[in-house]
Amino acid sequence: MEISAEQLEQVTEHALRDAPNECCGLIAVKDGVVTRILEAENEAHSPLRFEISGMALLSLIDSIEDAGEELGAIYHSHTRSAPYPSQTDINFAAGWPGIEWLIVGTAGDVPEVRSYLIDGGEVTDVAVAIAG
């Protein structure tokens, strides 16, 4: 998945804006290139986890599919820990095979962005490719 610097900044700004709670959203792609960042509300309003309501998630996915795009990634932030999938993230990812998990860590002085594929509980780093 290739993401522009501006789109990555949009995700990072969302994470900083929602802190100290986790942020969340979806990333739409077409032919492996990010087309849109779709911010969602963290219904849990928590610094420890995120939750997107079923209706909101369905609406966002319909929007992606109606535009001829695909779901490329689910993103969220970690406000108190490194941007590495928690066990909760790994469990949730079981329902989303093949989807990248972009995590923004906001615990440090500078936000850190990492991306992963999570398959069968196995976490694999994926390079965050900035589109040129």
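Reader: How much space lies in the largest cavity?

Author: In this predicted model, local features need pLDDT of at least 70, side-chain atom pairs count only at pLDDT 80 or more, and totals for chains, interfaces and linings use all residues. Residues are numbered from 1 along each chain as its sequence is written, and side-chain values use heavy atoms, with hydrogens and water left out. A cavity is a set of points on a 1 Å grid over the protein atoms alone where a 1.4 Å probe fits but cannot get out, and its lining residues have an atom within 4 Å of a point. The space in the largest cavity is about 30 Å³.

Reader: Which residues line the largest cavity?

Author: By class, the lining has six nonpolar, one polar and one charged residues. Nonpolar covers Ala, Val, Leu, Ile, Met, Phe, Trp, Tyr, Cys and Pro; charged covers Asp, Glu, Lys and Arg; the others, Gly among them, are polar. The residues are Met1, Ile3, Glu100, Leu102, Ser115, Ala127, Val128 and Ala129.

Reader: Is E4 largely enclosed or open, and why?

Author: Buried means under 20% relative accessible area with a 1.4 Å probe, protein chains only. Eight of the nine residues of E4 are buried, so the rest of the structure leaves E4 largely enclosed.

Reader: Which strand runs parallel to E4?

Author: Strand E2 (residues 24–30) is joined to E4 by six bridges and runs antiparallel. Six bridges also join E4 to a parallel strand, residues 100–105. In that pairing His78 stands opposite Gly105. The parallel strand is E5.

How values were computed: 1 Å grid on protein atoms, 1.4 Å probe; cavity = no way out; pocket = protein on both sides within 12 Å on 5 of 7 lines; lining within 4 Å. Points joined across faces, edges and corners; volume = space filled by probe spheres on them. Buried < 20%, exposed > 50% of the residue type's maximum accessible area, 1.4 Å probe, protein only. Helix = DSSP H or I, 4+ residues; strand = E, 2+ residues; numbered from the N terminus. Pairing = 2+ DSSP bridges.
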